[in-house]
Amino acid sequence: MSLWEYANPAKFMATSRRPMQALGAAAAVALAVGLVWGFFFTPDDYRQGATVKIIYLHVPSALMAINGWLMMLVASLIWLIRRHHVSALAARAAAPVGMTMTLVALVTGAVWGSPMWGTWWAWDPRLTSFLILFLFYLGYIALWEAIEDPDTAADLTSVLCLVGSVFAVLSRYAVLFWNQGLHQGASLSLDAEENVADVFYFPLLVCIAGFVMLFVALVLLRTRTEVRARRLHVLTMRRRMSA
Amino acid sequence: MKGLKKKRRIQIIALAAVALGLSTALIGYAMRDGINFFRSPSQVVEAPPPPNEVFRIGGLVENGSIVRGRGETVRFSVTDGAAAVEVTYTGLLPDLFSEGEGMVGTGRYVDGTFQATEILAKHDETYMPKEVVDALKEQGVYQEPNAPLPGG
């Protein structure tokens, strides 16, 4: 009994269905609770007023945009080293989900920045690396579509994923390396200092949990679709051969 | 990757990761002046840029330094604790702009004053409800969250 057993497509299809449904339902509940709580039952910020509520979409989506790419990196490395097809398909399945998260973070950030900073975009290190991450998502999806042979496509996209991780890491830590930027530092951190008051913090945690579960549920769903699509492809090829 | 043994694949990936990390660090270090969004008042005072260079300056708006002139002209000084630079600006200011808050201005440094053409507000990472801050101020225990100066 080892963890790699789940890399077997049949085993993966059999075991992933229930967790996917459970996570999807839990995500719906968490997002409904977190967003309604955050949007309607929290006070205004002392300087930002009601604009602070954008945090409930911006922070979780940005978090999942970066973590989504890192998940794709792990899946790509597993593919490159151990050659499990389900792993490559999981990376492929996660890309459009991560891309959407990146877009949500960019748009909500612009909506927040417009009244707060006085501009909706600036070539700040963090913003710039995030935009590059978005372009990497687009390129990654395009590369999968561009190559016919699935194994070659998986190899090349895995290498692209490795390169893109530079910008996933930078969008998180650019604030530390180049501290003279426009974007504020991390509001949420695991160390002791508290920057966000509890009234904002708890609904934000619920929203983050919702986004994490939504991401995992969507990736599982899309991976299952990819596995089925490949099976279908093999079956059609076989029929064409025999006919 | 297809024809290679597993051990060789791991070696290549490790090598690629090290090369990527190293090149990122080198590029980031070499271009840090271009990647940093603004210069601090200390950097400007230390090495004053020529009057025709357009750059950004960032820091805290010094307490009690805002002087509103005729029309929309504003004069204030921006500080990082070590040095302060006079700024003039004509135009609309963002919501968050006020004394003791962070700002980033674009413009030129002419005769010891920074003539800004654009002012942005820099928000810090503290979020607090209005009622709490009002209550703290009433009790006289409220401290400006960015009273200690930001790094740089």
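Predicted model: local features only at pLDDT ≥ 70, side-chain atom pairs only at ≥ 80, totals over all residues.
User: In which helix does B:Arg9 lie?
Analyst: Residues are numbered from 1 along each chain as its sequence is written, while chains are lettered from A and ligands numbered from 1 in the order in which they are written. Helices (H or I, at least four residues) and strands (E, at least two) are DSSP runs, numbered from the N terminus. By that reading, B:Arg9 belongs to residues 6-30 of chain B, which form helix α1.

User: Is B:Arg9 buried or exposed?
Analyst: The scale is relative accessible area with a 1.4 Å probe and protein chains only: buried is under 20%, exposed over 50%, and partly exposed in between. B:Arg9 has a relative accessibility of 7%, so the label is buried.

User: Which residues of chain A does B:Arg9 contact?
Analyst: A contact means heavy atoms within 4.5 Å. Leaving aside neighbours within four places in sequence, B:Arg9 meets B:Met1 and B:Leu4. From chain A, the partners of B:Arg9 are A:Leu80, A:Ile81, A:Arg82 and A:Arg83.

User: What is the phi of A:Arg83, and where is this residue placed?
Analyst: Most residues other than glycine have a negative phi. A:Arg83 has a positive phi near 55° and is not a glycine. Its place is in the chain A loop between α2 and α3.

User: How much area do chain B and chain A bury between them?
Analyst: The contact draws 42 residues from chain B and 46 residues from chain A. In chain B, the residues that lose the most area to chain A are B:Phe37, B:Glu125 and B:Tyr127, together 19% of what that side buries. Buried area is the accessible area (1.4 Å probe) that two parts lose on being put together, summed over both. With 60% of it on carbon and sulfur atoms, the total is about 3,800 Å².

User: Which backbone nitrogen does the side chain of A:Asp45 reach?
Analyst: A polar contact is a pair of N or O atoms within 3.5 Å; within protein, one must be able to donate a hydrogen and the other to accept it, and residues adjacent in sequence count only if both atoms are side-chain atoms. The A:Asp45 side chain makes one at 3.0 Å, to the backbone nitrogen of A:Gln48.

User: The backbone oxygen of which residue lies 2.6 Å from a side-chain polar atom of A:Ser87?
Analyst: A:Ser87 is part of helix α3 of chain A and is buried, with a relative accessible area of 10%. Not counting residues up to four places away in sequence, A:Ser87 touches A:Ala75, A:Ile78 and A:Trp79. The backbone oxygen in question belongs to A:Ala75.

User: At which residue does α5(A) bend?
Analyst: The 28 residues of α5(A) reach 38 Å from first C-alpha to last, close to the 40 Å expected at 1.5 Å a residue, where the expected span is 1.5 Å times one less than the number of residues. The bend at a residue is the angle between axes fitted to the seven residues ending there and the seven starting there. For α5(A) that angle is about 55° at A:Ser171.

Technical notes: Heavy atoms only, no water.
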